[in-house]
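Dear colleague,

Please find below the structure for your files. My notes on what was found in it follow directly after it.

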Amino acid sequence: AERPLNTDIVMLTQPPQAALSQAGSGQAALVVVVAGDNVYLQRFLPSLVASLRRHGADNPLHVHVTGKLIAQTAKMVRTLATSLSQDRRERRFTPTDYICGRFLAAPMIADCWQRDLMIVDIDCLTSAPMGQISGIV
C-alpha cells in the first residue's frame, strides 16, 4: 500500500462545495496558497488578503499552518482563508520546514481543490489582478 509522505500534514477545512463544482470547468481560478506559523500569519496574512481584494481577485485562498495555532490566530485565519491545512508535527520546526512545508502539502491541497495552485510567500503583495499574474505562470 502507498503511504502518504507525511501523515502529520492534514486538512483542517475543506474547500466549499460551490468552489469544487467549478473545478473541471476550465474557468476555475487558481488557488493561492500561503503558509506560516502564528507570528507570520498575524503579521502578513491581513495585508496579503487586502492586496488580493484590492485587485479584485476572486481566487480562493488556502492557508497552510506550520505548528499549533493560538486562538487569536485561528480566528483570524478562519475568517480570511477559504480552506486550511496544518503540519501538526510535535518536533521543533526548522527553517527548511517553514520554507518547504507548503510545497510538501501541495499535492494534498491540489487533490482537495481539484485545481491548479499558485504558491506564494505570505509576505507578498499583489500588484495586478491575479488573472494577469496567472497568465505568466
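Ser83 counts as buried, at 0% relative accessibility; buried here stands for under 20% relative accessible area, exposed for over 50% and partly exposed for the range in between, with a 1.4 Å probe and protein chains only. This residue lies in strand S4 (residues 83–87). Its side chain is joined to that of His62 by a polar contact of 2.5 Å. A polar contact is a pair of N or O atoms within 3.5 Å; within protein, one must be able to donate a hydrogen and the other to accept it, and residues adjacent in sequence count only if both atoms are side-chain atoms. Not counting residues up to four places away in sequence, Ser83 touches Met11, Thr13, Gln14, Pro15, Leu61, His62, Val63 and Trp113, where contact means heavy atoms within 4.5 Å.

Please note that this is a predicted model, in which local features need pLDDT of at least 70 and side-chain atom pairs count only at pLDDT 80 or more, while totals for chains, interfaces and linings use all residues. Residues are numbered from 1 along each chain as its sequence is written, and side-chain values use heavy atoms, with hydrogens and water left out.

The chain as a whole

The chain contains 5 helices and 5 strands, arranged from the N terminus on as β-α-β-α-β-α-β-α-β-α. Helices (H or I, at least four residues) and strands (E, at least two) are DSSP runs, numbered from the N terminus. Of the 137 residues in the chain, 45% are buried. Among contacts between residues at least 6 apart in sequence, 73% join residues at least 24 apart. The chain exposes about 8,000 Å², of which carbon and sulfur atoms supply 53%; the areas come from the Shrake-Rupley method with a 1.4 Å probe, and for residues only the protein chains shown count as cover.

The sheet

The 5 strands form an open sheet with mixed pairing, in the order S1-S4-S3-S2-S5. At its edges are strand S1 (9–13) and strand S5 (117–119), each of which pairs on one side only. Neighbouring strands of this sheet are turned by 25° against each other on average, direction ignored; axes are lines fitted to C-alpha atoms, for helices over the stretch in contact, and angles run from 0 to 180 degrees between N-to-C directions. Two strands are taken to pair if DSSP finds at least two bridges between them.

Which way do S1 and S4 pair, parallel or antiparallel? They pair in the antiparallel sense, over 4 bridges, and Val10 has Gln86 in S4 as its bridge partner. Gln86 is also the bridge partner of Val65, and S3 and S4 pair in the parallel sense over 5 bridges. S2 and S3 likewise pair in the parallel sense over 5 bridges, with Val32 opposite Leu61 in S3. Strand S2 (residues 31–36) and S5 pair in the parallel sense over 3 bridges; here Val31 stands opposite Leu117 and Val33 opposite Ile119.

Enclosed strands

S4 is largely enclosed by the rest of the structure, because 5 of its 5 residues are buried. Ser83, Ser85 and Asp87 point one way from this strand, whereas Leu84 and Gln86 point the other way. S2 is also largely enclosed, since 6 of its 6 residues are buried. On one side of S2 are Val31, Val33 and Ala35, and on the other are Val32, Val34 and Gly36.

Val63, in strand S3 (residues 61–66), is buried with a relative accessible area of 0%. Leaving aside neighbours within four places in sequence, Val63 is in contact with Val34, Leu41, Leu45, Val77, Ala81, Ser83, Leu84 and Ser85. Its C-alpha atom is separated by 9.9 Å from that of Leu12, 51 residues apart along the chain.

Helix H3

In helix H3 (residues 71–80), the buried residues are Thr73, Ala74, Met76, Val77 and Leu80. Seen down the helix axis, they fall within an arc of 170°, so they line one face of H3; the arc is that of the directions from the helix axis to the C-beta atoms. These buried residues pack against helix H2 (38–54), S3 and S4. The face turned away from the buried side carries the exposed residues Ala71, Gln72, Lys75 and Thr79.

Yours sincerely
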